[in-house]
Amino acid sequence: MEEQHQYNANDITILEGLDAVRLRPGMYIGSTGQKGLHHILWEIVDNAIDEAANGYADSIDVHIYKDGSVSVEDNGRGIPTDIHPKTKVSGVQVVFTQLHAGGKFDEHNYSFSGGLHGVGASVTNALSKWLKVRVYKEGKVYEMEFHSFYDEAKKKYESGVPVAPLKDLKRKTDKHGTFVHFMPDDKVFATTNFQLSTISNRLNELAFLNRGLKITLTDERITMNEFKGEEDDEENVQLDLMGVTQPYSVTYCYEGGISDFVLHLNEGKAKLFPAPIYYKGEKDGILVEFAIQHTNDYTENLFSFVNNIPTPEGGFHEMGFRAGITRVLNDYARETKALKEKDPNFLGDDFREGLTAVLSIKMKNVQFEGQTKTKLGNPEARSPVEGCTSEGLHELAANKDFKKTFDEMIKKAQGAAKARIAARQAKDTARAKNSIDSWTLVGKLASCTGRHPEENELFIVEGDSAGGTAKQARVRQFQSILPLRGKPLNVEKKRIDQVLANEEIRTIISALGAGIGNDFNVEKINYHKVIILSDADQDGFHIRCILLTFFFRYMRELVNAGKVYIGMPPLYKVYKQGGSVEEYAYDDSELQEKIDKVGRGYLIQRYKGLGEMSAEQLWKTTMDPEHRNLTQVTIEDAVAADNMIATLMGDRVDGRKEFLARNANFNKEDAFIDRVKLKKENSDEEK
C-alpha cells in the first residue's frame, strides 16, 4: 500500500444539510425497490473501494446478518475522528449526517473516486433504521450510532440522528480502517431483503477491477450446504458436516485483474487465442487499462468502467477505445497485406465481432449522465483513451510474440466483413422491394390506430391461436398484436446475415421500426411498451428467452430504456361450477389465497396456453392496463446478464447443466397442485 496521506476533519467540505433524503429517496438512490435497496449498500462499498483504488486499503469484508442488516469493513485510513472546524462535531458525524460532505472534493485526499462525492454515507444513514460506525485509527477504536424515528413532538420523521457523540472506546488496536453496520428501513423500502446473487456478482466484479484486492462476502442467512444445494440422501453420503451450520462465505481476489475478468467472461467459449491482450497506460491524467480476447461468437461484449463504476450505456471512453482498436488493426492489416492497396478498410464492427473486452479508466471530475451513473459524459476522455489504446496495441503488434494473436484477429475480421457485406446485400435487396423497416407484415401485425409511440403497446404473442384471441381482446387505439408463427432464431449462435434471414426476426424489426444493431435508434421506436406474451410452459419460456436474447444482443438500448416487458398471464383459474365465482392466480403462492376466497366446492383450471382463454378472460387478466401484471425487463448488472445469456443460450453445455441442476425443479408445479388437492380432500373429510 502507498504511503498514507494524513486524512483529517479539515479535509471534509460541507455543501448542504440532510433533510431532503427521506422526503424524496428516489432522487438519491433511483428507487425504493430492490435497486434502491442495494444502492445504499453500494455507496458504503464504493467508499471502501475508493480507499483501495487510491492505495490505502487491500481488504474489504461485506457481511449479511440473519436479521437482514449488512456491514462493510475496510482496512483503509479510517474516517476522520477529529473535530470539524466549522460544525464543531467529529468528522464521522459530519460524513454520516451532512449531504455532500466528504474528502473527495479535494484531489489530494482521493485521486479518483466512484462514490457520490459525499452523498453516499449520509443517504445510507438517512434511509436506515439504525447505523453503527466503528473507526480504527492511530491505535484507537471509536464508535458512533445513529437512529431514525418518528418524533411525536415535532410531528415528523427524524432520519439518521446521532444517539451520542463519537466515543473513544479507550482500547488499543493495531487495526486501521472503517466498519459500517446498518439496517435498511422497511418504512422506506418495498423490500429489505438483500439478494445474495446481486451482491456476489458486484463484489466479484470489483475484485477483478482492483488487482490483488481481497473482498470477502459472508451471508449468515444461508449455510454452505444450502448454497451448494446438497442433500443428505443415498446418492450424497459425503455431506459436508461443517457446511451444515457454517454460514456461506466466499473470497474474491484476482492477481490477474481484468485479464482474469475477460477469461471469466469467456469461460466455456471457443477462444481464438489463449491469453487476453492486456495494456495499462496514462495520458492527460487519465489512467487507461484494458484487456481483450476474441472468441468464435458473433457479438461484441464490451464492459466499461469509470473509477470502478459500471457504465453499461457507454460514453466517450468507449468511443475512444473502439476508434483506437479500429485504427491499429486496419494499420496492421495493411502492413501484413491482409488488405491490398485498393481494398477498403475494415469497419470497426468487423474487428469487434466476437470481441470480449473490459475497459477500466480512472479520471478526476467525472460527469455521469443521470444520477444512476450509466454513461460517461466527459468529452475530454475520448482522446486520451483512444491514444492509450492505439499506443498499447501498436506496441503489442510490433512484438513478434503477439503476431499469431493479431493474425487471428484479422482473420476473424475478414469473415465478419464477408458476413456484413452479405447482410448489406440482403438489406439492399429488401429495400429495393420495400424498406427494411416495413418488410411485408400482411396477415401478421394487427397494428393499432394510435400515432403516439409513447402511448402505444406491441404484444408479441406466441402462435396464431393466441394471436387471434389477443386481436379480439385488444383495445385497437393503442394495442398492436404480432403473432409469431414459428419459433424465432436463437441469435446467440448466429451471424447478423443469418439473423436477418429469419422471417420472425425480420417481422419484429419491421414492427418496431427502429433498425437493428448499430443502426438501432430507440428514438424511432413505434412502441414504448414491447410486451412478450408467451404460454406458461417450456416452449413459452424458451420463446421468451430467445426474444430477450435478441433484444439484449441487437437492441440493448431498448432494454436499457425500460421499454421491454414480460406479460404475466394467470397460471390458474379458481372457480365454482356454473361460473358464478371466478378468481385468477398468477403464481403458486397466490393459488391458496384464491382457493380460500372462492370457498368450498371450488375447481381449479391450470392454463397451459393463452389459447385456452377467451378474449374476455385474456383482456381481463393479461392485457387490461388497470389489472394486468407486467414485469419490466431491466439490466441491473450487464456482466451478469451477458454471462447468463451465454450460459443458457450459447454453447456452454456444462454451465447450462450446472445452472439447471441448481435452479430447476421440474416437478414443482405438479407437486404443488397435488398438495392443494390433498388439503382439499382432508378438509372435506373433516367436514
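Analyst: A salt bridge here is a side-chain nitrogen of Lys or Arg within 4 Å of a carboxyl oxygen of Asp or Glu. By that rule Glu-300, Glu-318, Arg-322, Asp-349 and Arg-352 are linked in a network of salt bridges, and the count comes to 28 salt bridges. This is a predicted model, in which local features need pLDDT of at least 70 and side-chain atom pairs count only at pLDDT 80 or more, while totals for chains, interfaces and linings use all residues. Residues are numbered from 1 along each chain as its sequence is written, and side-chain values use heavy atoms, with hydrogens and water left out.

User: What makes Glu-51 and Arg-77 a salt bridge, and where in the chain do the two lie?

Analyst: Their side chains meet at 2.8 Å, N to O, which is to be set against the limit of within 4 Å. The pair links distant parts of the chain, 26 residues apart, with Glu-51 in helix H3 (residues 34-53) and Arg-77 in the loop between strand E2 (70-74) and helix H4 (91-97); helices (H or I, at least four residues) and strands (E, at least two) are DSSP runs, numbered from the N terminus. Both Glu-51 and Arg-77 are buried, a term that means under 20% relative accessible area, with exposed being over 50% and partly exposed in between (1.4 Å probe, protein chains only).

User: Why is Glu-391 called partly exposed, and what is its salt-bridge partner?

Analyst: Glu-391 has 40% relative accessibility and therefore counts as partly exposed. Its partner is Lys-283, the closest N and O atoms being 2.7 Å apart. Because Glu-391 lies in helix H11 (residues 382-397) and Lys-283 in strand E10 (residues 277-283), the pair ties together parts that are 108 residues apart in sequence. Lys-283 is likewise partly exposed, since its relative accessible area is 25%.

User: How do you know that the buried residues of H18 line one face?

Analyst: In helix H18 (residues 588-598), the buried residues are Asp-588, Glu-590, Leu-591, Lys-594, Ile-595 and Val-598. Seen down the axis of H18, these fall within an arc of 145°, so they line one face of the helix; the arc is that of the directions from the helix axis to the C-beta atoms. The face turned away from the buried side of H18 carries the exposed residues Ser-589, Glu-593, Asp-596 and Lys-597. Just after H18, Gly-599 takes a positive phi of about 90°.
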